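Here are my notes on the model, as numbered points. Please read them with the structure open.

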Amino acid sequence: MVGKIVKGKGTYTQFVNKLSKDLSWDSKGLSDTITGYYLNEPEYHLKTTIFMFVFYFGTLIYAVISLIFYILCIRFPVLAPACQNLVVFGNPHKLLAEAEEELATLPQLATEDMFITEHYFIMTSPYGNAIVPIKEILWIYKYSTLHKILWYHFSISYTLHISANKHLYIHCPKNTKSDIDGIIDYLAEANHDILVGFSEENRLKVQAVQGKPLHIERLLAWKKK
């Protein structure tokens with residue numbers, strides 16, 4: 001045990017008084033018998049203790065705020081980040097309602113966590129959610145990831161990358177090649193202006209088309225409303 005030697009006062013005096021009652025002693029007699037100092041471990045680690053309390057209550061506050069936010073998103077889906085990104089393309093309430101209506105009928109193409117409706121690409125995966133109008137998509141390509149343990153290669157997963165107008169970027173990781181190829185083919189057919197495949201030429205074209213950063217676009221869109 002490591003601690004700091006501290007002169008007894010305040011709570012220490014109360015402790016001695018209570019201890020004397022438990023031992024059926026006189027508090028003054030007990031005080032004369034024991035030393036007026038005690039070993040205080042928390043005070044020796046004061047900075048660490050303060051840091052741990054701040055970290056504990058900070059994470060608690062964050063958890064409570066997150067819980068309230070998630071409850072609000074369940075009650076009002078338009079507040080979710082995936083829906084708020086739609087503000088740069090128009091009224092998020094109307095766009096979300098249209099996407100929900102199309103998804104509720106029959107998607108044009110559906111995988112485990114990606115859906116294509118008549119006018120929207122929708123992703124609902126453990127890695128994030130996204131809704132983007134197909135007409136706003138600029139560039140799509142897939143990226144392969146080799147998974148291995150030491151020198152043993154055991155699988156390959158594919159990530160779909162989507163760049164849309166207003167600096168909106170979406171990535172859909174850990175999908176199969178067939179699913180992503182199907183999504184890319186359908187999106188390319190639905191919007192002939194979409195650039196397909198990763199290349200420096202396509203990157204420069206998208207960079208030339210992109211407008212202001214997303215957070216500025218969202219701020220301007222909210223001001224217009």
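1. Contacts over the chain. Of the contacts in the protein with a separation of 6 or more, 53% are between residues 24 or more positions apart; a contact means heavy atoms within 4.5 Å. The secondary structure comes to 9 helices and 10 strands, where helices (H or I, at least four residues) and strands (E, at least two) are DSSP runs numbered from the N terminus. Of the 225 residues, 31% count as buried, that is, under 20% relative accessible area, with exposed meaning over 50% and partly exposed in between (1.4 Å probe, protein chains only).

2. Basis of the model. This is a predicted model, in which local features need pLDDT of at least 70 and side-chain atom pairs count only at pLDDT 80 or more, while totals for chains, interfaces and linings use all residues. Residues are numbered from 1 along each chain as its sequence is written, and side-chain values use heavy atoms, with hydrogens and water left out.

3. Confidence. The mean pLDDT of the protein is 82, and 89% of its residues reach 70 or more; pLDDT is the predictor's confidence in each residue, from 0 to 100. Confidence is highest in β10, at 92, and lowest in helix α9 (residues 214–224), at a mean of 59. Where pLDDT is low, the predicted coordinates should not be read in detail.

4. The sheet. An open sheet of 4 strands runs in the order β9-β8-β7-β10, with mixed pairing. Its edge strands, β9 (168–175) and β10 (195–196), each pair on one side only. Two strands pair if DSSP finds at least two bridges between them.

5. Strands β7 and β8. These two strands pair in the antiparallel sense over 12 bridges. In this pairing, H147 has S155 of β8 as its bridge partner. The hairpin of β7 and β8 has 2 residues between the strands, and L150 takes a positive phi near 55° there.

6. Strands β8 and β9. Strand β8 (residues 152–164) runs antiparallel to β9 and is joined to β9 by 6 bridges. S163 stands opposite Y169 in β9, and H161 has H171 of β9 as its bridge partner. In the hairpin of β8 and β9, with 3 residues between the strands, K166 takes a positive phi near 65°.

7. Helices on the sheet. Helix α7 (residues 177–190) lies across β7 (137–149), β8, β9 and β10, at about 175° to β7. Helix α8 (residues 200–209) lies across β7, β8 and β10, at about 130° to β7. For these angles, axes are lines fitted to C-alpha atoms, for helices over the stretch in contact, and the angles run from 0 to 180 degrees between N-to-C directions.

8. Aromatic pairs. How many aromatic pairs does a search of the whole structure find? The search finds 7. The rings of F53 and F57 have their centres 6.2 Å apart and their planes at 15°, so this pair is stacked. Rings of Phe, Tyr and Trp (its six-membered ring) pair if their centres lie within 6.5 Å; planes under 30 degrees apart count as stacked, over 60 as edge-to-face and the rest as tilted. F53 and F57 are 4 residues apart in helix α4 (residues 46–75), and are therefore separated by about one helical turn. F53 counts as exposed, at 51% relative accessibility, and F57 as partly exposed, at 43%. The rings of W139 and Y141 have their centres 4.8 Å apart and their planes at 40°, so that pair is tilted. Both W139 and Y141 are buried. F53, Y56 and F57 form one aromatic cluster.

9. Cysteines. The count of disulfides comes to 0, a disulfide being a pair of cysteine sulfur atoms within 2.5 Å. C73 is in no disulfide, and the nearest cysteine sulfur, that of C83, is 8.2 Å away. C73 is buried, with a relative accessible area of 15%. C172 is buried as well, with a relative accessible area of 1%.
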